[in-house]
Each structure stands twice: as structure tokens, then as C-alpha cells.
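Subject: Structure handover and findings

Dear colleague,

I am handing over the structure below, and I would be grateful if you could read it alongside the notes that follow.

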Amino acid sequence: MWAASYLGWIPAARILKPATRHPWRRNLLMIAAHLVWGASLAKGLEDLDRAEGELFEGAPRPHPD
């Protein structure tokens, strides 16, 4: 995701310069931030899925539309 954004569409849209023109420390920070965000999102979705399972345990599951 980071590479597609910071080497692709963001420079193409002229929002920022390509990551190759940024300091390596900034790139490392941005990659780390994306990894933390992804891990947090995965954990949150896992917790929501588990909570839904506990909430509807023994009850018919709602039909996904």
C-alpha cells in the first residue's frame, strides 16, 4: 500500500514528491506507520468478528445482503 501510494498515485496527483526524493528516515517512519495501522485494523476487525459471534451465539445469523 505504501509503495503504491508514495511512489505511484500521490506523486502522479502532484500531492507530494515521490518517496525516492524524501529522506530515508521519513520513508522508514511512514512504512512503520502503515504496518502499525494495518496490524491495528486487522486486530480490530478480528475483535469485531469475535464479538459478533458471541452476540449471535445460538441465534440465527442475519442474512448478509
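Lysine 43, at 42% relative accessibility, counts as partly exposed, a class that falls between buried (under 20% relative accessible area) and exposed (over 50%), taken with a 1.4 Å probe and protein chains only. Please keep in mind that this is a predicted model, in which local features need pLDDT of at least 70 and side-chain atom pairs count only at pLDDT 80 or more, whereas totals for chains, interfaces and linings use all residues. Residues are numbered from 1 along each chain as its sequence is written, and side-chain values use heavy atoms, with hydrogens and water left out.

Lysine 43 forms a salt bridge with glutamate 46, where the closest N and O atoms are 4.0 Å apart; the term stands for a side-chain nitrogen of Lys or Arg within 4 Å of a carboxyl oxygen of Asp or Glu. These two residues are separated by about one helical turn, because they sit three residues apart in helix H2; helices here are DSSP runs of H or I with at least four residues, strands are runs of E with at least two, and both are numbered from the N terminus. In general, an α-helix has 3.6 residues a turn, so residues three or four places apart point the same way.

Glutamate 46, which is partly exposed at 45% relative accessibility, also forms a salt bridge with arginine 50, the closest N and O atoms being 3.3 Å apart, and this pair lies four residues apart in H2, again about one turn of the helix. Arginine 50, partly exposed at 40%, has a further salt bridge with aspartate 47, with closest N and O atoms 3.3 Å apart. Aspartate 47 is itself partly exposed, with a relative accessible area of 30%. Taken together, Lys43, Glu46, Asp47 and Arg50 are linked in a network of salt bridges, while a search of the whole structure finds four such bridges.

As for the overall picture, the secondary structure of the protein chain comes to two helices and zero strands. Of its 65 residues, 14% are buried, and the chain exposes about 5,600 Å², of which carbon and sulfur atoms supply 66%, the areas coming from the Shrake-Rupley method with a 1.4 Å probe and, for residues, with only the protein chains shown counting as cover.

Turning to helix H1 (residues 2–12), the buried residues there are Trp2, Ser5, Tyr6, Ile10 and Pro11. They lie on the same side of H1, because they cover an arc of only 125 degrees around the axis, the arc being that of the directions from the helix axis to the C-beta atoms. Trp9 and Ala12, on the other side of H1, are exposed, and what covers the buried residues includes helix H2 (24–55).

The largest nonpolar core has five residues, Trp2, Tyr6, Ile10, Ala19 and Met30, where a core means a set of buried Ala, Val, Leu, Ile, Met, Phe, Trp, Tyr and Cys residues joined through side-chain atoms within 4.5 Å. H1 gives the most to this core, with three residues. Leaving aside its neighbours within four places in sequence, tryptophan 2 is in contact with Leu7, Ala19, Asn27, Met30, Ile31 and His34, contact meaning heavy atoms within 4.5 Å.

The rings of tryptophan 2 and tyrosine 6 have their centres 5.9 Å apart and their planes at 20 degrees, so the pair is stacked. Tryptophan 2 is buried at 16% relative accessible area, and tyrosine 6 is buried at 13%.

Finally, arginine 14, placed in the loop between H1 and H2, has a positive phi of about 60 degrees although it is not a glycine, and arginine 14 is exposed, with a relative accessible area of 77%. Arginine 21 lies in that loop between H1 and H2 too, and counts as exposed at 57% relative accessibility.

With best regards

Note on methods: Rings of Phe, Tyr and Trp (its six-membered ring) pair if their centres lie within 6.5 Å; planes under 30 degrees apart count as stacked, over 60 as edge-to-face and the rest as tilted.
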